[in-house]
Amino acid sequence: MKNGCREKIILSTFSTKLSVSTLYKLYLSIFTILPLLPALFSCTVETAEAETRISLAMEESAGTLDVFTFNDDMMMVLDSYQHWEHIADHDIDIRTQNGKKAVFICANGQRSRQDWAGVNSFSSLDGIQVDLRNERMEAPCMTGSVKVETGSARPYQVEMRRIASEIRVASLRCDFKGKSYEGERLTDVRVFLTNVNAICGITADGAVLPVEIIDSGADPETTALFEEPELIVREIDGSIGPEGIPTDISLWCYPNGSRSDSPGTPFTRLVIEGCLEGETYWWPIEVNRGKDAEEPGIYRNSQYIFDICLTRKGSSDPDTVIETDAAEIKMSIRSWEEKEEYMVSY
């Protein structure tokens with residue numbers, strides 16, 4: 001009986017020593033492997049990355065470019081972000097984790113790299129806005145997006161679309177035939193915009209409601225806030241008569257899809273100002289608001305091209321829309337594609 005107890009004690013002691021020895025060896029193994037984990041983790045991340053070539057459909061030039069890549073799933077969280085101050089061509093390589101991604105690109109976004117810090121998902125882009133007063137004609141703010149399968153051998157093309165739209169006066173003339181002032185010429189001519197939407201989100205599209213209204217492009221205090229005041233007001237040298245002139249004036253505004261001409265959502269107007277028989281008159285024209293307008297209002301990346309013939313004296317103030325017999329107006333609308341006319345930079 002005593003021998004049996006002694007055998008149990010010996011076996012118990014041996015088992016305890018064996019357990020301590022095993023734990024000690026396990027501890028040494030963990031302690032040895034632990035310093036290698038960062039290297040192993042780094043290796044895993046590196047092999048999971050991929051490069052994807054993207055070609056930008058826009059003119060060759062220079063500027064800022066911000067590229068956001070999001071996971072193409074329900075959450076659409078940020079996968080990677082890249083920033084360029086200048087790039088040599090329109091082909092860029094984005095580096096992301098493998099998988100299906102949604103890429104959003106903003107050119108000339110009016111903010112520094114640090115200002116994009118709050119973007120952590122695709123939906124957070126909705127809070128980013130740009131200001132018309134900071135726009136530059138040779139470097140307009142543009143955005144584009146595309147869904148990609150990373151690591152693909154083929155490049156993906158992204159069409160970059162301007163946030164702004166253009167109100168262009170292609171030609172202007174006067175024909176006062178049959179009036180007492182027939183043969184008179186219009187002098188001191190200015191062309192400007194009123195009720196201009198000055199703020200717009202970078203993801204906005206369709207019928208965008210105005211955020212901040214600029215009352216008049218002819219106001220010196222307003223134009224002083226612009227990087228380029230020529231965006232909303234232009235002067236025409238000389239006088240205008242029956243022969244007319246090809247003005248090719250380009251004015252810019254942000255989208256305005258308001259459905260009612262109210263104090264908070266006024267319609268954007270193109271205004272011709274000039275002096276006739278010693279008096280100043282205005283010819284305010286609502287942009288794309290006629291009864292024949294298929295989609296009333298102003299939409300992003302669109303051109304509204306006017307050929308205007310003034311047929312009688314205009315209004316006594318720039319806020320009163322002219323009557324239909326005060327001018328003959330031809331307007332056309334098209335997508336803003338001007339590669340052959342002037343350089344666009346990003």
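In what order do the five strands of the open sheet stand, and is the pairing parallel or antiparallel?

1. First, the ground rules. This is a predicted model, where local features need pLDDT of at least 70 and side-chain atom pairs count only at pLDDT 80 or more, while totals for chains, interfaces and linings use all residues. Residues are numbered from 1 along each chain as its sequence is written, and side-chain values use heavy atoms, with hydrogens and water left out.

2. Back to the sheet. The order is β3-β2-β5-β7-β9, and the pairing is antiparallel. At the edges you'll find β3 (78–84) and β9 (161–162), each with a single partner strand, so one side of each has no neighbour in the sheet. Strands here are DSSP runs of E with at least two residues, numbered from the N terminus, and two strands pair if DSSP finds at least two bridges between them.

3. Inside that sheet, take a look at β5 (residues 100–107). Eight bridges join β5 to β7 in the antiparallel sense.

4. Next stop, β15 (residues 249–253). Five of the five residues in β15 are buried, where buried means under 20% relative accessible area, exposed over 50%, and partly exposed in between (1.4 Å probe, protein chains only). In a regular strand, side chains alternate between the two faces of the sheet. In β15, Ile-249, Leu-251 and Cys-253 point one way, Ser-250 and Trp-252 the other, and all are buried. Strand β10 (residues 165–174) runs antiparallel to β15, with five bridges between them; Ser-165 has Cys-253 as its bridge partner.

5. Now the charges. Side chains of opposite charge can pair when their charged atoms come close. Counting a salt bridge as a side-chain nitrogen of Lys or Arg within 4 Å of a carboxyl oxygen of Asp or Glu, the total is 16.

6. One of them joins Arg-133 to Glu-212, with 3.0 Å between the closest N and O atoms. The two come from distant parts of the chain, 79 residues apart: Arg-133 is in the loop between β6 (129–131) and β7 (142–149), and Glu-212 in the loop between β12 (199–201) and β13 (213–216). Arg-133 is buried at 13% relative accessible area, whereas Glu-212 is partly exposed at 32%. Asp-131 belongs to the picture too, in a salt-bridge network with Arg-133 and Glu-212.

7. The N to O distance is 3.1 Å. Glu-273 is buried at 11%, and Arg-190 is partly exposed at 22%.

8. Arg-269 forms a salt bridge with Glu-286, at 3.6 Å between the closest N and O atoms. Arg-269 lies in β16 and Glu-286 in β17 (residues 279–286), so this contact ties together parts 17 residues apart in sequence. Arg-269 is buried at 9%, while Glu-286 is partly exposed at 25%.

9. Last, the surface. Asp-215, Asp-219, Glu-221 and Asp-319 make up a negative patch. Patch residues have over 30% relative accessible area and no salt bridge, with like charges joined within 9 Å. Asp-319 sits in the loop between β18 (302–310) and β19 (327–335) and, at 52% relative accessibility, counts as exposed.

Definitions and conventions:
Patches are made of residues with over 30% relative accessible area and no salt bridge: like charges are joined within 9 Å, nonpolar side chains (Val, Leu, Ile, Met, Phe, Trp, Tyr) within 5 Å. Accessible areas come from the Shrake-Rupley method with a 1.4 Å probe; for residues, only the protein chains shown count as cover. Lys and Arg count as positive and Asp and Glu as negative; His and the chain ends are not counted. The place of a charge is taken as NZ of Lys, CZ of Arg, CG of Asp or CD of Glu. Helices (H or I, at least four residues) and strands (E, at least two) are DSSP runs, numbered from the N terminus.
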